[in-house]
Amino acid sequence: MVCQLLPNCIVPIYTMIETTARLFSLFGWGKRKRLTKAAACALASLALSFRSLVSDLLQAMTTHRRVEYGVSNETSLVGEDGLNRVANEINQSREMTKDRVDPFLDQMRIDLTS
């Protein structure tokens, strides 16, 4: 689900926040003005909320990867070898997702902190 949300929702929202922050900076409404300009305050609040969402997504992915898939007693239809291959594919897919998605989300979280 995270891999579907990432290109469809997360990246566009992140890009909008970053672009708006740059535009505000051009007009002198940067981070220092968040206490005096309502728009700058709203953007800072949105960035903090979005950072929380990104952090929760990272945590959910980490928690989900801890579940191990293995062979159970139900091997009569497919066979133990077939189930082992599927379990290995699931585990490899999780590792590939971790290698590709986690650094991206982590960098977004760091950028939203500053």
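Which residues make a nonpolar surface patch of about 470 Å²? The answer is Leu23, Leu26, Phe27 and Trp29. Patches are built from residues with over 30% relative accessible area and no salt bridge, with like charges joined within 9 Å and nonpolar side chains (Val, Leu, Ile, Met, Phe, Trp, Tyr) within 5 Å. Accessible areas come from the Shrake-Rupley method with a 1.4 Å probe, and for residues only the protein chains shown count as cover.

Before we walk further, a word on what you are looking at. This is a predicted model, in which local features need pLDDT of at least 70 and side-chain atom pairs count only at pLDDT 80 or more, while totals for chains, interfaces and linings use all residues. Residues are numbered from 1 along each chain as its sequence is written, and side-chain values use heavy atoms, with hydrogens and water left out.

Now for the overall layout. The chain has three helices and zero strands, and reads α-α-α along the sequence. Helices (H or I, at least four residues) and strands (E, at least two) are DSSP runs, numbered from the N terminus. Of the 114 residues in the chain, 21% are buried; buried means under 20% relative accessible area, exposed over 50% and partly exposed in between (1.4 Å probe, protein chains only). The accessible surface comes to about 8,200 Å², and carbon and sulfur atoms account for 58% of that surface.

Let us return to the patch. Phe27 sits in the loop between helix H1 (2-26) and helix H2 (38-65), and with 60% relative accessibility Phe27 is exposed. Trp29, another patch member, is partly exposed at 32%. Trp29 also pairs with Phe24 in an edge-to-face arrangement, 5.5 Å centre to centre with 70 degrees between the planes. Phe24 itself is buried, at 14% relative accessible area. Rings of Phe, Tyr and Trp (its six-membered ring) pair if their centres lie within 6.5 Å; planes under 30 degrees apart are stacked, over 60 edge-to-face and the rest tilted. The chain has one aromatic pair by this rule.

What about the inside? In soluble globular proteins, nonpolar side chains tend to be buried together. A nonpolar core is a set of buried Ala, Val, Leu, Ile, Met, Phe, Trp, Tyr and Cys residues joined through side-chain atoms within 4.5 Å. The largest one here has 17 residues, and those with the most contacts inside it include Ile10, Phe50 and Met108. H1, H2 and H3 each give two or more residues to this core, and H2 gives the most, with eight. Leaving aside neighbours within four places in sequence, Met108 touches Ile10, Tyr14, Phe50 and Val54.

Helix H3 (residues 80-113) also holds Asp102, which is buried at 13% relative accessibility. Beyond neighbours within four places in sequence, Asp102 is in contact with Leu58, Met61, Arg65 and Thr97.

Our last stop is a charged pair. Arg109 forms a salt bridge with Asp106, with the closest N and O atoms 2.2 Å apart. A salt bridge is a side-chain nitrogen of Lys or Arg within 4 Å of a carboxyl oxygen of Asp or Glu, and the count by this rule is one. Both partners lie in helix H3, three residues apart, about one turn of the helix. Arg109 is partly exposed at 27% relative accessibility, and Asp106 is partly exposed at 27%.

Notes:
Contact = heavy atoms within 4.5 Å.
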